[in-house]
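Subject: Structure for your review

Dear colleague,

Please find the structure below. My notes on what was found in it follow.

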Amino acid sequence: TLLRGKMKPGVGYMAVVHWLQATPLQSWKCQCTLRVYAPQRLQLDPLRDSAIAISSMREAYEAAAMGPRGACLKEQGGVQLRCWSDRDSGTIVLVFDATTAQPAGLLASIHWRLQNAHLQPNFPAEGIEAKGGPAEHIQHVELVPGQRQVTLVSWLDPLMAFSASYSWQAATDPCAECGAPVGTQLPGRFSGAYRKVERQAVH
């Protein structure tokens, strides 16, 4: 794979390389060669600090979803729900951004349909693996103003079929009584139903 890009002098860049693990492990060799071709000398060093590497990966996924190549699924009240995906690597990134939300935060529900996929609802925290046949999972996201959450879906076994799809609901309008966003179902708390009283929504 040849990746083309322009680099500015004096600026550090990070390349995220993702190996798909084959089954059985004996058939998989952890080998890769990276080369950089440029008119000037460049140095490419592995990032060995795991904490920094994970933080950098999250920043890279956020930048992909929040940047021009990402898609905006919802933008309202200072809240953004954005997506970036890569079909070749089987990667899906959702960013729930309530950092500038006013006055309420974000309440979202995502219905995932997964096969041979690893779902990390709050990346980089561990998630669930959908091995074998298709599986469904309901994810709930509840953010207060100032928070941001990244969800990552990745391919598990490259020797097996992979599929991932989702549908979503998201609310940002505040309840006149409790202040929480209305319009999205949250089992045990909100049914998703609401009524408007003098232009204000109430659970």
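In which strand does Q120 lie? Q120 belongs to strand β5, which covers residues 117–120. The model is predicted: local features need pLDDT of at least 70 and side-chain atom pairs count only at pLDDT 80 or more, while totals for chains, interfaces and linings use all residues. Residues are numbered from 1 along each chain as its sequence is written, and side-chain values use heavy atoms, with hydrogens and water left out.

Q120 counts as buried because its relative accessibility is 8%; buried means under 20% relative accessible area, exposed over 50%, and partly exposed in between, with a 1.4 Å probe and protein chains only. Apart from neighbours within four places in sequence, Q120 is in contact (heavy atoms within 4.5 Å) with A125, E126, G127, V150, T151 and L152.

The chain has one helix and 11 strands. Helices (H or I, at least four residues) and strands (E, at least two) are DSSP runs, numbered from the N terminus. Helix α1 spans residues 50–66 and has 17 residues. From first to last C-alpha, α1 reaches 24 Å, close to the 24 Å expected at 1.5 Å a residue, where the expected span is 1.5 Å times one less than the number of residues. Buried in α1 are A53, S56, Y61, E62, A64 and A65; their cover includes β1 (71–76), β2 (79–86), β3 (91–97) and β8 (148–155).

Of the 203 residues of the chain, 33% count as buried.

Yours sincerely
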